[in-house]
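Please keep the sequence and the structure in view while reading.

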Amino acid sequence: MYRVIDEFDLKDKRVFIRTDYNIPVKGGVIQDDTRIRASLSTLEYAINQGAKIIIGSHLGRPKGGREEKFSLFPIAAHLTGLLNKEVVFPENCVGDSVRKLASELRPGDVLLLENLRFCPEEESNNEIFSKQLAQLADIYIDDSFGTVHRAHASTNGMVKFFKEKGIGFLVQKELKFLQILLQNPQKPFLAVLGGAKVTDKIGVVENLMNHVDAFIIGGAMAYTFLKAKGVKVGRSLVDESKIHQAGRLLERASVKGVDILLPVDSLLAPRIEEGVEIRIARNEEDWDNWMGCDIGPESIKIFKEEIASAHTIFWNGPMGAFETAGFEKGTEAMALAITQNKGMTVVGGGDSISAVKQAGYADRVTHLCTGGGAALEFLEGKKLPGLKVLEI
Ligand code: AMP
């Protein structure tokens, strides 16, 4: 259980709000402001309540010091326009000048700290840095779902210094949908998983096995599962260290009566490159030195039928190496099928989200997760360090 921002008396209080402004910025120009807009309901609520707001966020992966391309300056400017009020923007995230600015805030004022990761102490969850951040405010609110799985100073370390702490409306919304998936999904519940990193997702298969009726597993991760079944997958990407666990999961699923649908055919190529020779092969055929780069047409047909009959769907990960022209059809077909489903659909992960956006029907998805990694760890059943410290 977590306290939500509307359960606090915010008037005249300095409120630290951790937001997720880790967005694409090129040459000082914001490429996609979805995450900034997603923070507005919490910020506007706090402003209307007369809070003095201090926002903290990171952007990109600076290497332990200031790097102009990762400055939050363009975000401060954009936020000024969206909120229609001046956003105070200091040159740092801690220090005397920041402390002074925070103490001078009036009700409804907004201060955006410079990129927290310009201080390496943010990621090392340093105690002194955590305390310095905490001293800026009276109340702590986490509204950055994309970082709740990180034990950093602004998501974890600083929280222990607050008596008053809780979540913002965005984190509340994310948790609402993920909790429905784990607690009371409408059946049949289908999880569609893809992508390349088996390590990131095999724990999700393990835990979701207790909740779903069926899995669709595509993308490169499917080849680890196919190899566990004895299929000769040529030179397809396989995580050798996970074959055993994949085999165990396939056995467990058959005992539990959970379907794990794997591709029955694949689009093969000698390598992932636009314009190379391709062929379609079923699992039983000889793949020789070829690698599976996308699911094949028969698999697309079977997966679409499964998607059409589900009432709840969670999707994370592409069905093939979709960034390369020629290997995008499987992912596109899944995006279209999922957006046509009338049940509850939750899509997480940058690749899957851009696929549904490209399909042109992102508004038909019930919920687009703002934190793919955090959502996976939540569904894996892990206690997330950013949430654990906020539990009441
Ligand atoms: P992940 O970060 O685990 O979600 O993996 C996403 C990446 O998996 C994307 O960059 C895809 O290009 C890649 N991917 C998906 N399917 C395949 C495949 N069959 N072979 C190689 N890479 C793939």
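## Domains

Domain bounds come from an automatic or database domain assignment. In this predicted model, the protein chain is divided into domain 1, residues 5–171, and domain 2, residues 185–379. The centres of the two domains, taken over C-alpha atoms, are 36 Å apart.

## The interface between the domains

Nine residues of domain 1 are in contact with seven residues of domain 2. Together the two domains bury about 610 Å² between them, and 62% of this area is on carbon and sulfur atoms. On the side of domain 1, the residues that lose the most area to domain 2 are Arg 35, Phe 145 and His 149, which together account for 68% of what that side buries.

One salt bridge is counted between domain 1 and domain 2. Lys 357 forms a salt bridge with Asp 32, with 3.9 Å between the closest N and O atoms. One residue pair is in polar contact across the interface. The side of domain 1 that touches domain 2 consists of three nonpolar, three polar and three charged residues.

## Backbone features

Lys 187 and Pro 188 are joined by a cis peptide bond, with omega about -5 degrees. Pro 188 lies in the loop between helix H6 (169–183) and strand S9 (189–193).

Asn 84 is not a glycine, yet its phi is positive, near 60 degrees. This residue is in the loop between helix H3 (73–83) and strand S5 (87–88). Is Asn 84 buried or exposed? Asn 84 has a relative accessible area of 70%, so it is exposed, the cut-off being over 50%.

Asn 125 also has a positive phi, of about 55 degrees, and is found in the loop between strand S6 (110–112) and helix H5 (127–134). Asn 125 counts as partly exposed because its relative accessibility is 22%.

Methods. Residues are numbered from 1 along each chain as its sequence is written. This is a predicted model: local features need pLDDT of at least 70, side-chain atom pairs count only at pLDDT 80 or more; totals for chains, interfaces and linings use all residues. Side-chain values use heavy atoms; hydrogens and water are left out. Contact means heavy atoms within 4.5 Å. Buried area is the accessible area (1.4 Å probe) that two parts lose on being put together, summed over both. A salt bridge is a side-chain nitrogen of Lys or Arg within 4 Å of a carboxyl oxygen of Asp or Glu. A polar contact is a pair of N or O atoms within 3.5 Å; within protein, one must be able to donate a hydrogen and the other to accept it, and residues adjacent in sequence count only if both atoms are side-chain atoms. Ala, Val, Leu, Ile, Met, Phe, Trp, Tyr, Cys and Pro count as nonpolar, Asp, Glu, Lys and Arg as charged, and the others, Gly among them, as polar. Helices (H or I, at least four residues) and strands (E, at least two) are DSSP runs, numbered from the N terminus. Buried means under 20% relative accessible area, exposed over 50%, partly exposed in between (1.4 Å probe, protein chains only).
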